[in-house]
Amino acid sequence: MTRLKRFLFLGSLALSATVCAEPPVMINGTLLTPQQVFTLEQQLGTRVVPGGYLYNESNGCWMNMTTGQQGCMGNGNVTTFSRHGSGERNANGDWSHWSNMAGGAVGGSGDGCVYAFGWSNC
């Protein structure tokens with residue numbers, strides 16, 4: 001393999017690794033590793049959306065500076081507010097979200113029941 005072909009091959013590998021990498025999660029200026037994000041998701045019981053977060057340890061409130069989503073955690077409940085509505089999730093796995101744009105709510109319970117706009121699977 002010539003030097004130019006080897007250089008182009010290695011460059012394409014580096015580019016594909018960059019493109020396939022998980023988007024970053026940063027909390028209070030600290031970049032989390034993929035393992036730290038996984039552990040945090042396991043502790044919270046929900047997916048952590050990529051972005052730059054500010055977190056206030058004294059009251060449990062946070063804000064994703066990238067998306068504008070914000071909320072507070074306390075007593076096993078996670079309440080979330082976004083530009084498009086609000087919602088919450090509790091330690092039992094129950095969750096709900098009100099969509100301002102759609103004018104309605106969706107949600108579910110820890111046992112797998114889901115509801116949306118007058119429909120439910122239970």
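Colleague: In which sense do β3 and β4 pair, and over how many bridges?
Modeller: Antiparallel, over four bridges. β3 covers residues 51–56 and β4 covers residues 61–64. Strands here are DSSP runs of E, at least two residues, numbered from the N terminus. Two strands pair if DSSP finds at least two bridges between them.

Colleague: What should I know about the model itself?
Modeller: This is a predicted model: local features need pLDDT of at least 70, side-chain atom pairs count only at pLDDT 80 or more, and totals for chains, interfaces and linings use all residues. Residues are numbered from 1 along each chain as its sequence is written, and side-chain values use heavy atoms, with hydrogens and water left out.

Colleague: Back to β4. Which residue there stands opposite L54?
Modeller: M63. The two strands, β3 and β4, form a hairpin with four residues between them. G60 sits in the turn, with a positive phi of about 80°.

Colleague: Which way does β1 run against β3, parallel or antiparallel?
Modeller: Parallel, with three bridges. β1 is residues 25–27. M26 in that pairing stands opposite G52 of β3.

Colleague: Switching to rings. How many aromatic pairs are there?
Modeller: One. Y53 and W62 make a tilted pair, 6.0 Å centre to centre with 55° between the planes. The rule takes rings of Phe, Tyr and Trp (its six-membered ring) with centres within 6.5 Å; planes under 30 degrees apart are stacked, over 60 edge-to-face, the rest tilted.

Colleague: Are those two, Y53 and W62, buried or exposed?
Modeller: Both Y53 and W62 are buried. Buried means under 20% relative accessible area, exposed over 50%, partly exposed in between (1.4 Å probe, protein chains only).

Colleague: Last one. Which cysteines form a disulfide?
Modeller: C113 and C122, S to S 1.7 Å. The cut-off is a pair of cysteine sulfur atoms within 2.5 Å, and the count comes to one. The link of C113 and C122 is left-handed, at -110° about the S-S bond.

Colleague: Is C122 buried or exposed?
Modeller: C122 is exposed, at 59% relative accessible area.
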